[in-house]
Amino acid sequence: MQQKNIVVIGSSGHGKVVADILSHMPEYRLAGFIDTNKEKGTRCFGALTVLGNEADLPALMAAQQISGGIVAIGDNWIRSQVVAKIQAIAPAFAFINAIHPSAVISDTASIGTGNLIAANAVINTGAVIGHHCIINTMACIEHDNRMDDYASVAPRVVTGGNVSIGAYTAVSIGAVVKHGISIGEQSLIGAGAVVLKPVDAFSTWYGVPARKMGERKAGDKYL
Ligand SMILES: CC(C)(COP(=O)(O)OP(=O)(O)OC[C@H]1O[C@@H](n2cnc3c(N)ncnc32)[C@H](O)[C@@H]1OP(=O)(O)O)[C@@H](O)C(=O)NCCC(=O)NCCS
């Protein structure tokens, strides 16, 4: 099999998780990391190092035959900004999905590009996942869910059927979302929440049952 040379953008703990998943995908050879906040040459995952920053991408792609990769930044808003920057600097960069081999994904689910689908995640029949989403370890996205671009579900999140999660919205660790619930864009569901009512856009909800605890605006921090 002809391996594709790729990079991971972002070398934090989340970047390491993505690198680990990619090490189980034989179609890819991870060349290293791109990170604006670390020195070139910094070791990040085994022998893999930071190769440069986003501005270095066009030269790196040419020199190392790098075809693309994935942005591994946990904050949904910052991830979207970095994707936009790469699209402008390196239009040929092809965003890939990092999917752990233990993830169970229905053949009838639709998955965009640039997504992270971590170990033991389940994506059930009829689910539609946009681009650059995170479906983290052991998360369960049930049948006919919709996740819009840049949305994320943390480890052990469970949704019922026909849930929708709006663009940039983060559902935090261990939260449970009742079937049929719609969560608007740019919202934040706190750790361990049990969401029983529709969640409006640009809001923070947590608790059991989850209640609205605040308002958000685009670019507010997620964690
Ligand atoms: C929801 C959340 C963003 C709120 O953060 P915050 O606004 O900084 O809230 P604070 O830490 O100031 O806490 C305010 C109060 O709400 C409570 N609270 C905070 N998060 C809560 C939650 N998820 N469930 C219930 N109560 C919560 C705190 O105990 C505190 O109560 P107190 O005033 O009686 O002491 C955050 O607590 C959270 O759940 N983050 C998710 C983290 C996560 O999933 N990480 C893993 C990513 S892989």
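How do the residues of the shell around the ligand divide into nonpolar, polar and charged? There are six nonpolar, two polar and no charged residues, with Ala, Val, Leu, Ile, Met, Phe, Trp, Tyr, Cys and Pro counted as nonpolar, Asp, Glu, Lys and Arg as charged, and the others, Gly among them, as polar.

A word on the model: it is predicted, so local features need pLDDT of at least 70 and side-chain atom pairs pLDDT 80 or more, while totals for chains, interfaces and linings use all residues. Residues are numbered from 1 along each chain as its sequence is written, and side-chain values use heavy atoms, leaving out hydrogens and water.

**Around the ligand**

The ligand's surroundings (residues with a heavy atom within 4 Å) include Pro155, Ser172, Leu188 and Leu223.

| Residue | Protein atom | Distance |
|---|---|---|
| Ile173 | polar backbone atom | 3.0 Å |
| Ala191 | backbone N or O | 2.8 Å |
| Tyr206 | side-chain N or O | 3.0 Å |

Taken alone, the ligand exposes 910 Å², and the protein buries 39% of that (Shrake-Rupley method, 1.4 Å probe).

Five of its six residues are buried, so β1 is largely enclosed by the rest of the structure (buried means under 20% relative accessible area, with a 1.4 Å probe and protein chains only). β1 runs parallel to β2 (residues 28-34), joined by six bridges (pairing takes at least two DSSP bridges), and Val7 sits opposite Gly32 of β2. β1 also pairs in parallel with β5 (residues 66-71) through five bridges, where Val8 has Ile70 as its bridge partner.

Notes
Buried means under 20% relative accessible area, exposed over 50%, partly exposed in between (1.4 Å probe, protein chains only). Helices (H or I, at least four residues) and strands (E, at least two) are DSSP runs, numbered from the N terminus. A polar contact is a pair of N or O atoms within 3.5 Å; within protein, one must be able to donate a hydrogen and the other to accept it, and residues adjacent in sequence count only if both atoms are side-chain atoms.
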